[in-house]
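Welcome, and please load the model in your viewer. We will walk through it one selection at a time.

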Amino acid sequence: VMTPVQLSLGTAQFGLDYGVTNRTGQVPENEVKSILFAAQLSEVRFLDTAQAYGDSESVLGRCLDPDSSFCLISKLPAQTSDPYTSSSVEAWELSFQQTLIRLGCSKIDSFLLHQPSDLLRSDSHVLLSWLSSLRQRSFVRRVGVSVYSSSDLDDLPLDQIQIVQLPLSLYDQRALHDGTISRLNGLGIAVHARSTFLQGLLLTPSEKWPAWVDPDFRLHHSSLEAFAVEHNITLLSLSLGFVQSCSQLEAAVVGVTTYTELMSLLAVWMSDSTVHSFGDPHCWAWPKGHSLDPRLWPS
């Protein structure tokens, strides 16, 4: 039996002014408390944070109910090109222990590398052995990587990781179509989809898209808007329904900036009106990768 896709709440905007469509800036802490309280009472299983997300970890630590049952995920920032030495290990250990202190917990579910190429260096065994020590000491259940594209997984020691976070959305179906998700599943590696709303673009009317977006991509989005109107369904339902239909995912990461946004999102997630009833979602995949990679967007 396939377990249903779980929700993971992304928390970058709790610690930073994050996201191309974010109009409100960093979420105030009283709002974070309301969001977390509602998330706890619902279907949200994971909280996804990172050492690089401003003070997101500290905000979570202050706002989390100590008895909450969330599985927490954090990430190690990209490493410099300096050789890994015993002092690197000390620095990683210190920063990881500070993550636990900031989050107010004694262990977390998963710890990911923000830059997978940190495992492709000649001295990567130093980093790998430290990561596996976190598991041996029961500080984390799983270690893994966060990637921008399937090619980021090339040559990684996949036998030593248990979780991968990758971009996947109604418009960005590359990891599905190129077999990456199936391959990871076959290796027993959990997959979490992020950028499920393409930083909010999927939910934003095409006339409000930033001026730099490819005109043919904007046109593609206006076709989806027309389709949504014709079938009396929202862009949110189409976006969430797509990731819910990808049964090989363990979780989908979603970001919200207000309690109201979370409540709308949960209402759709827990309803049965998924994309299944709206024809083939594959026809909405956008073929041009450069429009889908936020690293290539103007800052």
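**Before you click**

This is a predicted model, in which local features need pLDDT of at least 70 and side-chain atom pairs count only at pLDDT 80 or more, while totals for chains, interfaces and linings use all residues. Residues are numbered from 1 along each chain as its sequence is written, and side-chain values use heavy atoms, with hydrogens and water left out.

**Stop 1: the whole chain**

Start with a cartoon view, where you can look for ten helices and eight strands. Here helices (H or I, at least four residues) and strands (E, at least two) are DSSP runs, numbered from the N terminus. The chain's radius of gyration is 19 Å, close to the 19 Å that the globule rule gives for 299 residues, so the chain is as compact as a globular protein of that length. That radius is taken over C-alpha atoms, and the rule is 2.2 Å times the number of residues to the power 0.38.

How much of the chain is buried? Of the 299 residues, 53% count as buried. Buried means under 20% relative accessible area, exposed over 50%, and partly exposed in between (1.4 Å probe, protein chains only). Contact means heavy atoms within 4.5 Å. Among contacts between residues at least 6 apart in sequence, 77% join residues at least 24 apart.

**Stop 2: helix α9**

Select residues 235–245, which form helix α9; nine of its eleven residues are buried, so this helix is largely enclosed by the rest of the structure. The buried ones include L235, L238 and F242. What do they pack against?

**Stop 3**

Now pick L266, which sits in helix α10. L266 is buried, with a relative accessible area of 4%. Leaving aside neighbours within four places in sequence, L266 is in contact with L7, A38, S42, E43 and V44.

Go on to S291, in the segment after α10 (259–269). S291 counts as buried at 9% relative accessibility. Not counting residues up to four places away in sequence, S291 touches D214, F217, W286 and W297.

**Stop 4: two loops**

Next, zoom in on the loop between β5 (140–146) and β6 (163–167), where you will find D154. D154 is partly exposed, at 41% relative accessibility. D155 lies in the loop between β5 and β6 too, and counts as exposed at 73%. Phi of D155 is near 65°, a positive value in a residue other than glycine.

For another positive phi, select L198, with about 50° although it is not a glycine. L198 lies in the loop between β7 (190–194) and α8. Is L198 buried or exposed? At 2% relative accessibility, L198 counts as buried.

**Stop 5: a pocket**

Finish with the second largest pocket, lined by G61, L64, D65, P66, S68, F70, L72, L103, G104, C105 and K107. On a 1 Å grid over the protein atoms alone, a pocket is an open set of points where a 1.4 Å probe fits, with protein on both sides within 12 Å along at least five of seven lines; lining residues have an atom within 4 Å of a point. About 200 Å³ of space lies in this pocket.

Definitions and conventions: Grid points are joined across faces, edges and corners, and a volume is the space filled by probe spheres set on the points.
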